[in-house]
Structures are given as C-alpha cells and as structure tokens.
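Hello,

Here is the structure I promised to hand over. Please have it open while you read; my notes follow below.

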Amino acid sequence: MTLNTSITALKAASIFTIICGLIFFLSLFTPVRHIAKLFFDIAIWPVDGAQNIDTDKSRLLIAISGGMLVGWGIMFWQILSLIHISEPTRLLSIS
C-alpha cells in the first residue's frame with residue numbers, strides 16, 4: 001500500500017468515526033433515533049427490538065459514546081495531518 005493510499009483510507013476511517021459519533025449524539029434529539037436503535041438492536045443480539053434507548057442512563061451513555069467517537073475521529077485526523085504526512089516513518093519508529 002502506498003503512502004497516499006494509506007492516508008486516504010485512514011482519513012476516510014476518521015470521517016466515518018466522526019459521522020458515527022454525530023449520529024449517536026443527534027439520536028438524542030432528532031428522528032435519527034431509529035438508526036441508533038437499529039445499531040443497538042444489532043449490537044445486543046438477538047435482533048428483537050427489545051432495547052430501550054429512552055431511559056436517562058441510556059441517553060447519558062449514548063451522549064458519552066458519541067462524544068468519544070467524535071473526539072477519536074478528530075484525533076485520528078490530526079495524527080494523520082500533523083505526524084503521518086510530514087514524517088511517515090516516525091509512527092513506525094515509536095515501538
């Protein structure tokens with residue numbers, strides 16, 4: 001994999017992470033709630049629709065998860081922009 005291909009793939013992954021975090025956060029306020037319910041229904045097997053994300057505890061955990069995903073996505077983007085592009089071998093020499 002070339003450097004440009006890896007940068008493009010990692011930036012796409014960071015954008016996807018940010019979008020997932022925003023969907024989680026927006027599911028607390030908007031009709032996007034159905035996407036979050038579907039995600040949690042698939043994540044907590046079996047797919048039966050029994051998961052309730054309308055409780056206070058669930059809403060708090062969804063908000064925290066959304067914020068963490070957005071933060072991680074921004075962190076990945078910054079690592080790519082500030083370290084990986086300018087010094088691609090630096091990440092490999094850390095370990």
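**What I found**

Phe29 is exposed, at 55% relative accessible area. Here, exposed means over 50% relative accessible area, buried means under 20%, and partly exposed lies in between (1.4 Å probe, protein chains only).

Some ground rules. This is a predicted model: local features need pLDDT of at least 70, side-chain atom pairs count only at pLDDT 80 or more, and totals for chains, interfaces and linings use all residues. Residues are numbered from 1 along each chain as its sequence is written, and side-chain values use heavy atoms, with hydrogens and water left out.

**Overall fold**

The protein chain has four helices and zero strands. Its pattern along the sequence reads α-α-α-α. Helices (H or I, at least four residues) and strands (E, at least two) are DSSP runs, numbered from the N terminus.

Of the 95 residues in the protein chain, 22% are buried. The accessible surface is about 6,700 Å². Carbon and sulfur atoms hold 73% of that surface. These areas come from the Shrake-Rupley method with a 1.4 Å probe; for residues, only the protein chains shown count as cover.

Now the contacts, meaning heavy atoms within 4.5 Å. Take those in the protein chain with a separation of 6 or more: 56% of them join residues 24 or more positions apart.

**Aromatic rings and a charge**

Back to Phe29. How many aromatic pairs does the chain have? The count is one. Phe25 and Phe29 form it, edge-to-face, with 5.3 Å centre to centre and 70° between the planes. The rule: rings of Phe, Tyr and Trp (its six-membered ring) pair if their centres lie within 6.5 Å; planes under 30 degrees apart are stacked, over 60 edge-to-face, and the rest tilted. Phe25 is partly exposed, at 39% relative accessibility.

Lys11 places its charged end over the ring of Trp77, 4.6 Å from the ring centre. To qualify, NZ of Lys or CZ of Arg must be within 6 Å of the ring centre and within 35 degrees of the ring normal.

**Helix H1**

Thr8 is in H1, residues 3–26. It is exposed, at 55% relative accessibility.

Leu10 is partly exposed, at 42%. Its C-alpha atom is 7.8 Å from that of Phe76, which is 66 residues apart from Leu10 along the chain.

Pro46 lies in the loop between H2 and H3. A cis peptide bond joins Trp45 and Pro46, with omega about 5°.

**Helix H3**

Ser58 is in H3, residues 56–84. The Ser58 side chain makes a polar contact with the side chain of Thr55, at 2.9 Å. A polar contact is a pair of N or O atoms within 3.5 Å; within protein, one must be able to donate a hydrogen and the other to accept it, and residues adjacent in sequence count only if both atoms are side-chain atoms. Leaving out residues up to four places away in sequence, Ser58 touches Asn52 and Ile53.

Best wishes
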